[in-house]
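I opened my notebook to look up a few things in this model. I wanted to know what sits inside and what pairs with what.

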Amino acid sequence: MTVTAFAYATDTLPRTTVDAVVIGGGAAGLNGALMLARSRRSVVVIDSGTPRNAPAEAMHGFIVLDGMPPAELLEQGREQVRHYGGRVVFGEVASAEPAAPDGGGDPRFTLTLADGRTLTARRVLVATGLRDVLPDVPGLAEHWGRGVVHCPYCHGWEVRDEPIGVLAIGPASVNHALLFRQLTDDLVYFTRGIELDEDTRARFAARAILIVDTPVQDVVKSEDGGIAGVRLTDGTFAARRVLAVATRMQARTEGLDGLKLPMDDLPDNMGRHFASGTAGATEVPGVWVAGNATDLTAKVGASAAAGALAGAHINADLATADTDAALAAAQGGAPITA
């Protein structure tokens, strides 16, 4: 699913080495940058301006901020980062790779943006988010984030009691259907050629979930611009106002090959993400990941919390490095005694 980039007021890139660069300006990246900036670290956020939830009118499931438009959250986040001295730069990362460490072995990384600008940083927080890959059903993508939804917790309340159709993409769609059944009594499961065993069919029947095995040909638009339903390959029209589909979730990796970050696959070909440990630490010294880039199912609140935790650990790592450097300098400059 492609999201059109948006632009906003952008800061200038510093010419000196910064403590940390955050790649990604979503909830995880901005909260990580906020923690670092409040710790008096020099931090730069590189934001491509293509957030995953841009098509959505509002975000949900985040206490106090429930119902806030995603763009408003990000706008306020950028200003808060700037309030503490952080910089937010609009641009796309073309390459990121380790550079020669300083004399004491402290890591360095060089980033090059698509327009040729460069930046050197001591630490990197990858918060690039993910890309939702929709099944190749004609007419589906244009309704993404409105009539086509994927998350019962993000969008479920808004589509409650509507005639909903679940488009199967694999085994995960079975549980997807059960979750959406909580929201409506009128649910149809389109198998799209994916086999259902007899036990699952019995469970669906017990919950009054209608199963349609005839393949889906395309999505039919209604007169009001929304979804009218789906057309099947036998010519039958199935009226639906909402389609639910579990997307394949792909962490955004553009420009990051040079970091050589390890990645893991989800079962059943459901997604691919950056591997991480405690607080988003990776196997690459000096690089952390946070948010949907490593936790594909994290909602906005969880992503923001992960960014804050990663930012705190980056600051602690820098504090240790600063102390090691100060100790080495003090010992190196001390007079030699017998």
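I began with a term: buried means under 20% relative accessible area, exposed means over 50%, and partly exposed lies in between (1.4 Å probe, protein chains only). Helices (H or I, at least four residues) and strands (E, at least two) are DSSP runs, numbered from the N terminus. I noted that this is a predicted model, where local features need pLDDT of at least 70, side-chain atom pairs count only at pLDDT 80 or more, and totals for chains, interfaces and linings use all residues. Residues are numbered from 1 along each chain as its sequence is written, and side-chain values use heavy atoms, with hydrogens and water left out.

**Entry: helix 4**

I looked up which residues of helix 4 (residues 172-181) are buried. They are S173, H176, A177, F180 and R181. Seen down the helix axis, these buried residues fall within an arc of 135 degrees, so they line one face of helix 4. The arc is taken from the directions from the helix axis to the C-beta atoms. An α-helix has 3.6 residues a turn, so residues three or four places apart point the same way.

Next I checked what this face packs against. Contact means heavy atoms within 4.5 Å. The partners of the buried residues include strand 8 (148-149), helix 3 (152-155) and helix 5 (198-206). Strand 9 (164-167), strand 10 (187-190) and strand 15 (242-245) are partners as well.

**Entry: H143**

I found H143 in the loop between strand 7 (130-133) and strand 8. Is H143 buried or exposed? Its relative accessibility is 5%, so H143 counts as buried. Leaving out residues up to four places away in sequence, H143 touches V148, V219, K221, G225, G226 and I227.

**Entry: strand 6**

Why is strand 6 (residues 118-126) largely enclosed by the rest of the structure? I found that 7 of its 9 residues are buried, so the rest of the structure largely encloses it.

Then I listed its neighbours. Two strands pair if DSSP finds at least two bridges between them. Strand 1 (residues 18-23) runs parallel to strand 6, with 5 bridges. There, A20 has R123 as its bridge partner. Strand 5 (residues 108-113) runs antiparallel to strand 6, with 4 bridges. Strand 19 (residues 287-289) pairs with strand 6 in the parallel sense over 3 bridges. V126 has V289 as its bridge partner in strand 19.
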